[in-house]
Amino acid sequence: KSGDTETDVDPSDAEHSSRAPSPSSKSSKDSTQHSDSSIASDESTRPNGRKPKKNKRTRDFENTDKSGVYHIMIRVIEGRDLAGVNLRVKASVDGQSESTRVSSEKDPRWRQNLSFTMNRSMEKVSDTVLELKLFAENRIARDKLHGEWTCFLGSILHQPDRAIISKWVALRRPKDEVGNESENVGFLRVSIAIYGNTETPPPMADNEGDELFSGAQLLQFTLMLRLFRLHAITLKLREPWKSKKKTPYFSIRVTVGDASAESDIQSIDYVKGEYIVALDQEITLPIMWPTVINSIQFALILSKGKKPRRIVARSSILLSSIYVAGDEGFLPTFGPSFVNFYGPQTIPRLKLRRQKHPSKDFDEHRFYCRLLVSVECFDTPSDEPTVGTISRDSDVYAKQFEQSYKYALCCSFFDCSSIDPQFASSTISFLVSIGHYGSSDADDVVESSSTLPITPYPDGAKYFSLPWGNYKPVTYVDCLFDKSAFRIERIN
């Protein structure tokens, strides 16, 4: 999608010239239910009231989508039940190759280290294939391939300390030879470790043992996301081009690691007193499991006429908060529930900061809309991302999660003191908001959601206070709350 750029202004500035793309910003205001469950799981304690001690040798998967330098160390120790003489092992990772010396022993012992370096994110490292090939050296003709073993580096990343120490791997017959490709043609004892620039590799001890490591535990699964409808669309998205009379269109791009897919573009509809964008799309993405991918990323893309498409807001779901690993756990499952989209503020100072520091992430906490979405994972493989239409049964089931009650939030103010003297000559008012109701970011604030502006009065000391006296201001905000009965039923 070379035409997509991330905007650092509000959608109403779409008429201005396009800017240089800025990096993705972290959404610090994700207020969906999955974040609460993640915090709760992190704060779990033992029965005696003490927090569980972390294993110092355990490395958590954090910021796996950030690029970094990773080192892959492979120690080839020895071989067993190998055919041929003058054998050497060739290791290949991401287009790089290294070979051991030639051994003429019947059961060769190399005990040699091979090192590789990769500058990319852990998510991409996880999807990289490691190959070990056994060759018989021939000084006259071409070296003969006797066996090979492959695995994804993700299967190493999910081992303790991101390493396997002194384990046997089974070599299979080369594909170009006649016979069963899955037939074992010998074994190699190896140690493999992956570590970053600021980390040290574990001790590569040549311990004796018969433990076999296959690397086959990394499986290809399918992640299914159902994008239902966009709700609570702010005025900036609904009517920024009212004078131009050009209809804006929206789509959602979903990214999981290297896999990405985008829904069809849809316009805004007015249904039962509410502005919505009916996406009704079902997206499937391939994912290797277990995974080190940090989150599911959503991007709200705006299209209008011949202007370049722009990313106006983002959202995400933390993967670690919607699945539990292990035999008694479950695959990623979420919703149907809402995720909030936040974008950049319309503050000129923030725009200047983005231009001066294009590589720095800034908090984006202007609310734009929210999306009803569900996530499921299946243990069936898929090769390519697909985009289809949601079934009628799924759509009917999701509509019960869109029901809401009307409420009014009332707030009484009693006192405001210790005001800094720098605000002595300014009028001060308080704005009350809950969610996107009553918020200044919604641009449809009613006067009842804010107090009247008033000039501070000196309190006889160093600071100032607001002279409310016996007339205390009261604000109220009309808002909607989702009906939670169906979610509670699903949890139970």
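# Note on the predicted structure

1. Helix H6 (residues 392-399) has Ser394, Asp395 and Ala398 as its buried residues. Here buried means under 20% relative accessible area, exposed over 50%, and partly exposed in between, with a 1.4 Å probe and protein chains only. Helices (H or I, at least four residues) and strands (E, at least two) are DSSP runs numbered from the N terminus. The three residues lie on the same side of H6, because they cover an arc of only 100 degrees around the axis; the arc is that of the directions from the helix axis to the C-beta atoms. In general, an α-helix has 3.6 residues a turn, so residues three or four places apart point the same way. Arg392 and Asp393, on the other side of H6, are exposed. The buried residues of H6 pack against E10, E15, E18 and E19.

2. The basis of the note should be stated. This is a predicted model, in which local features need pLDDT of at least 70 and side-chain atom pairs count only at pLDDT 80 or more, while totals for chains, interfaces and linings use all residues. Residues are numbered from 1 along each chain as its sequence is written, and side-chain values use heavy atoms, with hydrogens and water left out.

3. The average pLDDT (the predictor's confidence in each residue, from 0 to 100) is 78 for the protein, and 75% of the residues score at least 70. Among the elements, E3 has the highest mean pLDDT (95) and helix H1 (residues 33-42) the lowest (40). Over residues 1-10 pLDDT stays under 50, and the model has 38 contacts beyond four places in sequence for them; contact means heavy atoms within 4.5 Å. Residues 51-58 also stay under 50, with eight such contacts. Where pLDDT is low, the predicted coordinates should not be read in detail.

4. As to overall composition, the protein has seven helices and 24 strands. Of its 492 residues, 44% count as buried. Among contacts between residues at least 6 apart in sequence, 74% join residues at least 24 apart. The protein exposes about 27,100 Å², of which carbon and sulfur atoms supply 48%; these accessible areas come from the Shrake-Rupley method with a 1.4 Å probe, and for residues only the protein chains shown count as cover.

5. The largest nonpolar core has 39 residues, and those with the most contacts inside it are Leu230, Ile252, Ile296, Phe298, Leu300, Phe341 and Leu371. Strands that give two or more residues to this core include E10 (219-231), E11 (249-256), E16 (295-303), E18 (334-343) and E19 (366-378). A second, separate core of 33 residues includes Val89, Trp110, Phe116 and Val169. A nonpolar core is a set of buried Ala, Val, Leu, Ile, Met, Phe, Trp, Tyr and Cys residues joined through side-chain atoms within 4.5 Å.

6. Beyond its neighbours within four places in sequence, Ile252 is in contact with residues including Leu227, Leu230, Leu279, Phe298, Leu300, Phe341 and Leu371. In soluble globular proteins, nonpolar side chains tend to be buried together.

7. Most residues other than glycine have a negative phi, and most peptide bonds are trans. Gly335 and Pro336 are joined by a cis peptide bond, with omega about 10 degrees, and Pro336 lies in strand E18. Asp94, not a glycine, has a positive phi of about 55 degrees; Asp94 sits in the loop between strand E3 (87-93) and strand E4 (96-99) and is partly exposed, with a relative accessible area of 35%. Arg111 likewise has a positive phi, near 50 degrees. Arg111 lies in strand E5 (residues 109-121) and is partly exposed at 41%.

8. Ser103 lies in the loop between E4 and E5, yet is buried, with a relative accessible area of 8%. The side chains of Ser103 and Glu105 make a polar contact (3.5 Å). A polar contact is a pair of N or O atoms within 3.5 Å; within protein, one must be able to donate a hydrogen and the other to accept it, and residues adjacent in sequence count only if both atoms are side-chain atoms. Leaving aside neighbours within four places in sequence, Ser103 is in contact with Asn86, Leu87, Pro108, Arg109 and Trp110.

9. Ala408, in strand E21 (residues 404-412), is partly exposed, with a relative accessible area of 49%. The C-alpha atoms of Ala408 and Cys479 are 5.9 Å apart, although the two are 71 residues apart along the chain.
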